[in-house]
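Here is a quick tour for anyone opening this one for the first time. Have the sequence and the 3D view ready, and follow along.

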Amino acid sequence: MAGRINDDDVKVVRDAVPIDTVVSEYLQLRPAGGGNMKGLCPFHDEKSPSFQVSPSKGLFHCFGCQEGGDTIAFVMKIDHLSFSETVERLAAKAGITLRYEEGGYNPTHQRGERIRLVEAHKAAADFYVEQLGGEEAAIGRKFLAERGFDQSAAEHFGVGYSPAGWDHLTRFLRGKGFSDKELLLAGLSQDGRRGPIDRFRGRLMWPIRDISGEVVGFGARKLRDDDNGPKYLNTPDTAIYKKSQVLYGVDLAKKDIAKASRAVVVEGYTDVMACHLAGITTAIATCGTAFGTDHIKILRRLLMDNGSARVIFTFDGDAAGQKAALRAFEDDQKFAAETYIAIAPDGMDPCELRLNKGDAAVQDLVEPRTPLFEFAIRQIVSRYDLETPAGRASALDEAGPIVARIKNGASQHEVAVQLAGILGILDTQFVVKRVAQMARWARDRGGRGPVGPASSSSSSPSSTSSSYDSGQSPALSGPALNLRSPAHRTERELLKLALQRPELVSPAFDAYGVDEFTAPPYAAVRRAVEDAGGAEQGMASAPEYLAGVREAAPNDAVRALVTELAVEVFHGKTIDESYAGEQLVRVRLRAVDLRIHDVTSTLARLGTGADHERHQAVQNELWVLQQYRQSLRNSGAAAL
């Protein structure tokens with residue numbers, strides 16, 4: 001039975017690994033104001049960044065899909081890990097030794113499956129690298145040298161060699177404590193007639209790493225003629241490796257992709273190596289599959305979809321390369337970046353180009369040449385005889401729908417004009433109108449593409465609907481939040497102050513009753529703050545205080561709202577004691593006004609025939625409330 005990780009150690013791990021550092025391994029973050037960072041959410045598709053990270057509080061929240069939490073929650077969600085697996089992984093990253101309760105800790109049996117598979121791959125990668133220096137691997141070293149890669153290049157990319165025997169790696173990993181079941185689940189071994197044998201034998205090995213830099217699979221290149229397997233053999237899909245969700249070289253390229261707002265997509269492992277060694281450090285490649293939607297998601301998070309972002313495809317000039325380019329264009333509209341295609345005039349790939357013409361030729365190749373849409377259109381119309389009216393009409397019928405898929409109206413118009421020029425049709429407006437008509441037909445048939453700006457998530461918290469806005473949360477009852485309501489807006493602002501800047505509202509805030517918050521979700525957050533010891537607790541340690549409030553939340557819905565409020569920016573220009581006082585007074589005034597209304601109604605119901613003492617007591621309460629209200633209006637926060 002696996003022991004539970006010591007609670008104090010969990011807290012040490014949570015505090016030791018900065019959330020912005022962890023999140024930055026998966027997406028590009030930019031300043032969002034108030035010390036927060038923002039980026040494109042990795043948990044849902046969106047056009048503009050609504051995902052925010054608060055380094056000082058150790059929290060993240062997406063105002064689009066409402067995902068949120070701390071560093072541990074982020075890693076659990078994005079890498080599909082259990083709580084213990086996540087803590088163990090972050091602890092290893094921070095060099096922290098964990099203590100386990102309820103029994104001893106056996107690293108072989110108690111570590112989570114994903115972590116064990118990753119560890120097996122790391123050990124395998126080290127094993128393959130060591131084998132590359134052996135006598136048997138001379139054929140592999142020759143392969144690399146013939147393509148212009150020396151020992152330092154092999155080391156930089158972690159290239160290795162798998163011995164030609166049946167079970168060299170399997171026996172090595174068994175010696176490291178890995179079970180046969182784990183090796184089979186990892187895809188490093190496969191069933192043989194007498195037990196597990198190595199999946200990769202006698203091949204040059206490229207480690208495939210995920211965006212965080214962990215080895216999750218391998219690409220293996222055939223070296224010998226007597227090898228009857230495919231030219232390239234990849235790790236099969238496993239719990240940690242999905243070929244449609246990985247990009248070779250992304251761990252090395254991600255920082256430069258984000259910095260330069262440019263990505264270069266090539267076709268193979270040696271092409272990535274050639275590009276990086278030639279100075280094109282934004283190059284990445286797919287792993288045995290076509291470039292698709294999941295790959296686009298990875299790149300969009302790194303490129304941040306700013307207006308200058310560019311994606312350049314360098315497909316081979318042969319028919320297969322042209323087919324790959326057309327497949328890429330099928331998903332072109334899923335990019336906000338401009339897409340281009342670069343094909344060397346002589347049809348050489350980047351590796352061949354570097355070998356024959358040097359680094360400068362590779363650098364020249366990836367300078368944007370032809371927009372991908374133009375390349376796709378020219379490939380389509382090249383099949384028709386544009387010298388005849390019938391040929392031009394047929395080409396328009398096939399190429400027109402391609403242009404009609406462009407969602408941006410101005411871009412669609414511009415490309416339609418270019419299509420008219422490519423076809424040689426002098427009546428440009430005829431082509432423009434024809435494309436617009438095709439676009440309307442597609443919409444009428446329900447052929448809508450990716451979600452457009454009108455229906456995408458807003459990046460502004462002030463205009464984003466909370467997860468409670470529908471009023472359908474099963475956890476809370478009462479009127480739905482209405483961010484246009486001055487009362488709800490002020491209550492929200494005060495709760496944000498209590499969570500983010502408790503020193504500005506303490507100790508006054510802790511004297512506020514739960515019933516002073518008229519929106520049930522906000523009342524629930526107020527209760528969580530109270531149960532965690534009050535806002536005064538937050539003046540010592542923000543991360544610890546917020547963790548306490550989140551733990552005190554009665555359910556996931558309230559916990560998510562706490563996280564949302566803890567990272568949302570304030571509406572005020574200057575967040576100081578004066579601003580905090582205004583919010584405190586407004587919330588209290590609202591509560592006093594509501595109480596005055598209730599007491600006045602009670603007094604009216606009592607009438608003149610009521611018990612004198614009862615009538616006098618209600619009248620006295622009304623007088624006190626009215627005096628307090630006047631004091632709040634005259635003196636502001638000083639009257640609290």
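**Around a cis proline**

Pro507 sits in the loop that links helix H22 (502–505) to helix H23 (520–531); helices here are DSSP runs of H or I with at least four residues, strands are runs of E with at least two, and both are numbered from the N terminus. Ser506 and Pro507 are joined by a cis peptide bond, with omega at about 0 degrees.

Keep in mind that this is a predicted model: local features need pLDDT of at least 70, side-chain atom pairs count only at pLDDT 80 or more, and totals for chains, interfaces and linings use all residues. Residues are numbered from 1 along each chain as its sequence is written, and side-chain values use heavy atoms, with hydrogens and water left out.

- Most residues other than glycine have a negative phi, and most peptide bonds are trans.
- Gln66 is not a glycine, yet its phi is positive, about 70 degrees.
- You'll find Gln66 in the loop between strand S5 (59–62) and strand S6 (68–70).
- Gln66 counts as buried because its relative accessibility is 14% (buried means under 20% relative accessible area, exposed over 50%, partly exposed in between, using a 1.4 Å probe and protein chains only).
- Ser261 also isn't a glycine, and its phi is positive, near 55 degrees.
- Ser261 lies in the loop between helix H11 (250–260) and strand S14 (262–266), and it is buried, with a relative accessible area of 9%.

**Strands and sheets**

- Strands S2 (residues 30–33) and S3 (residues 36–39) run antiparallel and are joined by three bridges (two strands pair if DSSP finds at least two bridges between them).
- S2 and S3 make a hairpin with two residues between them, and Gly34 in the turn has a positive phi of about 65 degrees.
- Across that pairing, Pro31 stands opposite Met37 in S3.
- Five strands form an open sheet with mixed pairing, in the order S15-S14-S16-S17-S18.
- Its edge strands are S15 (283–285) and S18 (370–371), each pairing on one side only.
- S16 (residues 310–313) and S17 (residues 338–341) run parallel, joined by four bridges, and Ile312 stands opposite Tyr340 in S17.

**Nonpolar cores**

- The largest nonpolar core has 62 residues (a core is a set of buried Ala, Val, Leu, Ile, Met, Phe, Trp, Tyr and Cys residues joined through side-chain atoms within 4.5 Å).
- Leu144, Trp206, Phe218 and Tyr248 have the most contacts inside that core.
- Helix H6 (residues 113–131) gives the largest share of this core, eight residues.
- Another core, of 49 residues, lies apart from it, and includes Val10, Leu27, Tyr100 and Val250.
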